[in-house]
Amino acid sequence: MAIGDFAFLIPLLPALAFVLTFFLGKKLPNGGAIIPIAAIATSFVISLLITLNLLQNPEEVITQSYSWFALFNVGVLVDPLAAVMLTMVTFVSLLIHIYSVGYMSHDAAPSRYFAETALFTASMLSLILSDNILQLFVSWELVGLCSYLLIGFWYQKPSAATAAKKAFLTTRIGDVMFLAGIVLLFADLFTIFNGTIPAGTYILRFDEIFAHIPEIAAINANIFGMEVSHITIITLLFFGGAVGKSGQFPLHVWLPDAMEGPTTVSALIHAATMVTAGVYLVARTFPMFIAAPDSLLVVAYLGAFTAIFAATMGIVMNDLKRVLAYSTISQLGYMMLGLGVGAAIGAEAVGVSLFHLINHAFFKALLFLCAGSVIHAVGTHDMRQLGGVAKVMPITALTMIIAAFSLAGFGIPGTSIGFSGFMSKDPIIESAYLFAESSGMWLPYLFSIVAALLTSLYIFRLIFMTFFGKPRTDYGGHESPASMTIPLSILALFALVFGALTRTSFYHFLEETFTNNFVNMDIPALAEMGGYHLASHAGHEPLLILWMPLIVAVAGLLIAYLVYGLKIVNMDNLVSRNNPVYKLLYNRYYQNEIFTDFFSVKVIYEGFAFASRSVERGFDWLVNWISDITIETGESVRQFQTGVIQTYATTVVAGVGLLIILIRVIMEVI
Amino acid sequence: MIPVELYIGLAVIIFTIGLYGFMTQRSGIRMLMSVELMLNSANLNLVAFSSYNADLTGQVFALYSIALAACEAAIGFAILMAIFRMKDTINLDSFNVLRW
Amino acid sequence: MILSLIVLIPLIFAALTLLTKTKEQARGMALVATVAVLILTLYMYFNFDSTIATNQFEEMYQWVPSLGITYHLGVDGIAMPLILLNAIVLPFLILYTWNDDRKAPNKFYALILATEGAAIGVFAALDFFLFYIFWELTLIPLFFMVSIWGGPNKHHASIKFFIYTHVASLVMLLGIFGLYFAAWDATGVPNLDIPYLLSQFQFIESGLMKDLIFLALLFGFIVKLPVVPFHSWQPDAYTEAPTAGSVLFVMLKIGGYGIFKIMLPLLPFTASPDLMITILAALGAISIIYGAFVALSQRDLKRMIVYSSVSHMGYVTLGAAGLVSLSVSGAMFQQFSHGLIMSVMFMASGVINAATGTRIINDLGGLAQKMPKLAVIMVLTFMASLGLPGLTGFVAEVSVLSGTFVNLPVYVMIALLAIVITAAYHLWALQRAMFGVFNEKLGTIVDINSYQTLSMGLIAILILYFGLNPSPVLDMMLTNSENIISLMAAMGV
């Protein structure tokens with residue numbers, strides 16, 4: 001049997017681990033952590049073997065489909081795109097689970113933690129493996145549920161419970177758009193098939209969807225007088241889902257609050273894996289996006305804007321984890337930008353974006369785990385109370401600095417020397433330049449360059465404030481145990497060299513995603529349909545453009561060193577309520593006030609809900625009014641019942657007399 | 001043979017007397033007697049038509065009616081007895097508990 | 001024979017339970033009866049052929065030949081899942097109430113059994129006379145359930161419920177008479193058989209008559225369902241009812257059953273099918289979004305659950321109006337799913353009320369710390385209710401939405417808007433009631449007892465099972481809806 005036949009085990013084992021840990025975890029040491037670790041380790045081995053197999057022969061992807069219900073199926077699809085994601089997710093998840101044994105050792109309910117993270121891993125793997133859009137949506141919602149449960153892991157804390165709710169609801173807005181996209185796609189395909197779907201055909205499977213892209217594109221809808229192709233609507237709705245899940249503007253507001261959960265959760269879910277699901281969705285349905293006029297432009301612009309927008313807020317945050325959260329949003333913006341520039345570079349965009357996704361997973365998980373290590377040791381998130389931590393925790397400090405360099409993108413252009421982050425971020429910026437050159441839209445490129453400067457600035461600000469200088473408070477602390485530092489070191493190694501080692505083979509591998517035995521897409525033809533002009537990719541950028549990312553990264557490092565290391569500027573003057581720019585940034589552009597306090601609470605909750613409540617009272621009043629009228633009529637009519645028999649007799653006689661007269665009259669008339 | 005109109009005229013007179021009695025009297029016994037009068041006027045009609053049409057059904061019917069009147073009278077007087085025991089009067093004006 | 005047994009066992013045992021003296025005897029008797037029904041139903045279910053749309057396990061005896069009344073029972077793919085739902089939940093409901101102390105337990109359990117028998121009777125009846133008898137019979141035990149063991153406002157609620165739904169039933173009865181006499185006039189033979197009368201509907205000549213009959217029948221069903229704006233009996237009745245009563249209310253899926261079994265086969269023959277479809281779809285979409293908004297504004301946990309029920313029932317009419325086999329079967333599945341989910345939700349609100357003495361969401365708080373088992377079950381059912389994939393609610397919702405979108409895109413968009421609101425009120429209630437700091441004013445709180453854990457937990461597992469693998473009940477629904485839809489297609493609707 002080929003190893004590919006075991007692909008279905010990859011999500012199934014962690015799912016099984018969830019059930020076992022949930023029911024038995026309390027009785028085992030460390031909350032039964034060994035069960036998910038073993039399961040995920042096995043999944044990792046299977047994924048790795050499958051990936052290695054697939055590297056040899058990228059055209060032979062693994063597909064298995066089984067009927068689920070009605071017209072829908074469940075299935076497994078391991079193509080290059082899924083394979084790299086699988087390997088990354090199982091690997092990062094494994095490391096974080098090992099790390100969590102130490103991190104959660106003082107917690108009251110470790111078994112619940114490990115059960116929920118196992119469920120999360122299972123759902124995430126199922127999301128990646130889906131061969132149809134509905135299963136992807138199902139897993140998509142399940143990872144959202146796990147995120148909800150894990151953000152609210154310490155549910156006794158009201159702030160955690162609120163953050164969990166906010167995360168679920170905000171992503172839910174995106175999810176509904178995603179669902180609307182699926183519903184619309186289903187309806188279109190159903191119409192294309194004329195309502196008769198042959199047995200064994202699952203119309204929501206990716207091969208069926210992709211095969212019918214031209215027909216879907218031919219259907220037009222009239223929205224406010226504009227003729228819009230259904231494929232554009234569907235892809236934009238999908239992208240709406242991705243915006244929610246991947247924390248793009250304006251649905252990013254939940255991600256910083258999600259840091260209320262344990263730091264390991266932030267590392268696993270809100271940095272490395274779940275938040276990249278949106279990027280994965282766009283990459284997975286890339287043939288649809290490239291065939292949809294304007295969709296990729298929206299992706300590119302919104303991604304670039306999110307990259308710079310989040311980075312500006314990252315500069316002023318004082319909470320270790322919040323800086324990293326804004327960094328995540330910003331980097332996710334880069335990944336979206338990487339996909340969006342597919343408008344210029346075609347299918348290569350998937351490789352460009354995914355490569356950053358994988359590298360980001362390594363260094364961002366590392367950053368979070370380092371932050372977790374610091375928080376675990378000193379017991380505070382606030383950078384203003386830290387300083388000089390490098391002396392107490394050398395391993396943590398060293399690994400975090402490596403991650404910072406990786407994030408900031410240090411490396412020498414044109415060579416294979418550089419941190420992982422450089423190897424993947426540089427191509428995105430280059431592609432953005434290519435996109436700008438070919439289409440004349442320079443804004444995404446400019447945003448990406450400025451964001452690179454800000455990235456370097458905020459991450460080294462964090463490094464200097466936390467690890468160098470004199471301790472600002474008496475925090476104590478110690479280096480973390482080996483179960484925590486070993487995963488850190490492994491991740492640091494990856495953040496250091498993974499990019500340089502795998503760059504060429506990775507791009508080559510991912511290029512095969514849409515040409516294999518499952519789907520065979522002619523991307524240039526689809527791009528033609530979407531009205532995009534693909535540029536030929538050749539390294540003919542000016543030297544300044546080539547070196548620009550490095551220059552801004554070094555500039556960011558220098559500024560951070562001068563301001564936070566040497567303290568040549570007195571920050572107290574800048575950091576004050578009187579500085580409007582600082583105030584705007586520190587209050588996060590007042591998004592909380594606008595979205596949460598005004599829109600959700602005032603408009604939706606108090607406005608709509610209480611309006612409906614009044615209408616409801618109206619309905620009730622109407623029903624009661626009818627009954628009151630009936631009762632009142634009875635009240636007045638019963639006065640005729642006097643209880644005096646003679647009156648009744650008189651009335652009978654009078655009635656009979658009247659009847660006789662009436663009959664006479666009627667007879668006369670007739 | 002006496003023409004049937006005379007029987008009917010007699011029945012109308014008896015019925016009217018009964019009706020007048022029922023509507024004006026306040027004593028329960030008098031009212032019951034008035035009801036009997038009205039019933040008997042109907043019986044008179046039945047018998048008269050029966051003999052006029054040479055069909056015995058009407059007379060049989062009259063017998064039924066008389067039996068029924070007897071039952072009704074028995075129940076009526078029983079109720080009046082009960083009322084008399086309770087209220088010491090059979091003046092039905094003072095017994096209008098069944099109004100609204 | 002087996003179908004008669006399933007209908008009669010609860011009714012006979014209801015009478016026997018009345019004769020018992022103690023709580024122990026009454027609950028034992030009720031458990032025996034419901035378990036017997038469950039076993040028989042499972043036997044019937046496993047011998048049910050889900051690939052054919054005709055009535056199975058039919059029984060037919062002459063009853064009043066001069067009026068065309070027969071004793072005619074049978075189940076098809078629409079009725080079978082609903083009978084199964086009743087048979088599954090009722091034993092767990094008895095277990096749930098196992099340790100409760102209340103006045104007159106013999107009457108209490110007798111009424112539960114009577115409701116079960118009457119409800120199954122409605123699903124099994126294939127004669128309008130029998131159908132209407134069982135239909136009205138469901139009213140009586142529920143009326144007493146609310147008015148004897150109900151909350152502080154029980155008299156108002158029970159009378160409102162009784163009169164409101166009874167009036168609707170009478171309107172439905174007019175519709176039945178219309179159908180009956182029209183067919184009698186046309187053929188000269190009186191017959192109250194449901195399949196026969198449904199097939200005779202198309203021969204009525206007057207279009208106005210057809211529409212009137214259709215609307216009269218529809219009114220009876222949508223009030224029972226209920227949909228906005230005919231729902232106002234429901235919040236009072238459900239909220240005031242004891243927990244067992246609320247569960248019985250949600251088990252009573254006779255309104256939706258009528259829509260699928262009686263309305264849809266008639267729909268293509270009405271004078272203006274498009275208008276009827278619009279009515280159904282509009283009622284559904286309005287219920288979905290309106291119920292969600294009102295639920296969001298509720299402070300009482302149980303009332304919130306009731307309004308979520310209004311919102312969910314909108315999917316039934318919307319899916320029925322979708323007229324695609326996927327949407328219609330999704331709507332049928334919504335009934336099944338809703339029964340399971342709501343029964344656990346009402347049980348959960350019942351135990352919270354019993355433990356804390358209040359249902360006002362803001363007065364609760366941090367219950368998860370004191371009631372961890374309840375918290376797990378509640379999170380699962382709340383997630384099912386807000387349509388999380390992997391649980392039954394999602395299967396129904398996605399089928400209804402995607403199927404209906406083919407024909408009625410605008411109404412589906414309205415329904416989609418409500419999904420976020422639905423998530424909002426569920427999570428809001430969870431956060432306030434279960435999470436956060438424990439409200440010390442609530443005093444000592446103990447977790448749910450083992451009977452309650454067993455009953456709620458097992459239903460919750462069924463929610464998960466049918467969410468992951470809906471085919472065991474969905475297949476027979478699909479068969480029947482395909483049958484209905486092919487009929488429509490033949491009529492060109």
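Visitor: Into which domains is chain A divided?

Guide: Chain A has domain 1 (156-579) and domain 2 (593-669). Those bounds come from an automatic or database domain assignment. The centres of domain 1 and domain 2 of chain A, taken over C-alpha atoms, are separated by 64 Å.

Visitor: What kind of model is this?

Guide: This is a predicted model, where local features need pLDDT of at least 70 and side-chain atom pairs count only at pLDDT 80 or more, while totals for chains, interfaces and linings use all residues. Residues are numbered from 1 along each chain as its sequence is written, and chains are lettered from A and ligands numbered from 1 in the order in which they are written.

Visitor: What makes up chain A in helices and strands?

Guide: Chain A has 28 helices and 4 strands. The C-alpha atoms of chain A fill a box of roughly 115 × 60 × 55 Å along the principal axes.

Visitor: Why is helix 28 of chain A called hardly covered?

Guide: A residue is buried if 20 or more other C-beta atoms, placed from the backbone, lie within 10 Å of its own; 12 or fewer makes it exposed, and anything in between is partly exposed. In helix 28 of chain A, the count of buried residues among its 25 residues is 0. For chain A as a whole, 56% of the 670 residues count as buried.

Visitor: Which residues touch the most other members of the largest nonpolar core?

Guide: They are Val78(A), Ala365(A), Leu366(A), Ala403(A) and Ala495(A), in a core of 448 residues. A nonpolar core is a set of buried Ala, Val, Leu, Ile, Met, Phe, Trp, Tyr and Cys residues joined through C-beta atoms within 7 Å. Helix 6 (residues 158-192) of chain A gives the most to this core, with 20 residues.

Visitor: What is Val78(A) in contact with, leaving aside neighbours within four places in sequence?

Guide: Two residues are in contact if their C-beta atoms, placed from the backbone, lie within 7 Å. Among the partners of Val78(A) are Gly4(A), Ile50(A), Leu54(A) and Leu129(A).

Visitor: Why does Gly245(C) count as buried?

Guide: Gly245(C) has 27 C-beta neighbours inside 10 Å, so it counts as buried. Gly245(C) is in helix 11 (residues 243-251) of chain C. Beyond its neighbours within four places in sequence, Gly245(C) is in contact with Leu142(C), Met145(C), Val146(C) and Trp149(C).

Visitor: What makes Asp88(B) stand out?

Guide: Asp88(B) has a positive phi of about 65° although it is not a glycine. Most residues other than glycine have a negative phi, and most peptide bonds are trans. Asp88(B) lies in the segment after helix 3 (57-87) of chain B. With 9 other C-beta atoms within 10 Å, Asp88(B) is exposed.

Visitor: And why is Ala104(C) called partly exposed?

Guide: Ala104(C) has 14 C-beta neighbours inside 10 Å, so it counts as partly exposed. Ala104(C) has a positive phi too, of about 50°. Its place is in the loop between helix 3 (79-96) and helix 4 (105-124) of chain C.

Visitor: Where are the cis peptide bonds at Pro226(C) and Pro229(C)?

Guide: One joins Leu225(C) and Pro226(C), with omega about -10°. Another runs from Val228(C) to Pro229(C), with omega near 5°. Pro226(C) is in the loop between helix 9 (207-224) and helix 10 (233-240) of chain C. Pro229(C) lies in the loop between helix 9 and helix 10 of chain C.

Visitor: Which chains have the most contacts between them?

Guide: Chains A and C, among the 2 pairs of chains that touch. There, 39 residues of chain C are in contact with 39 residues of chain A. Helix 19 of chain C supplies the largest share of chain C's side, 9 residues. That side has 28 nonpolar, 11 polar and no charged residues. By class, Ala, Val, Leu, Ile, Met, Phe, Trp, Tyr, Cys and Pro are nonpolar, Asp, Glu, Lys and Arg are charged, and the others, Gly among them, are polar.

Visitor: How many residues does the contact between chains A and B take?

Guide: It takes 10 residues from chain B and 11 residues from chain A. The chain B side divides into 7 nonpolar, 1 polar and 2 charged. Chain B and chain C do not touch; their nearest C-alpha atoms are 23 Å apart.

How values were computed. Helix = DSSP H or I, 4+ residues; strand = E, 2+ residues; numbered from the N terminus.
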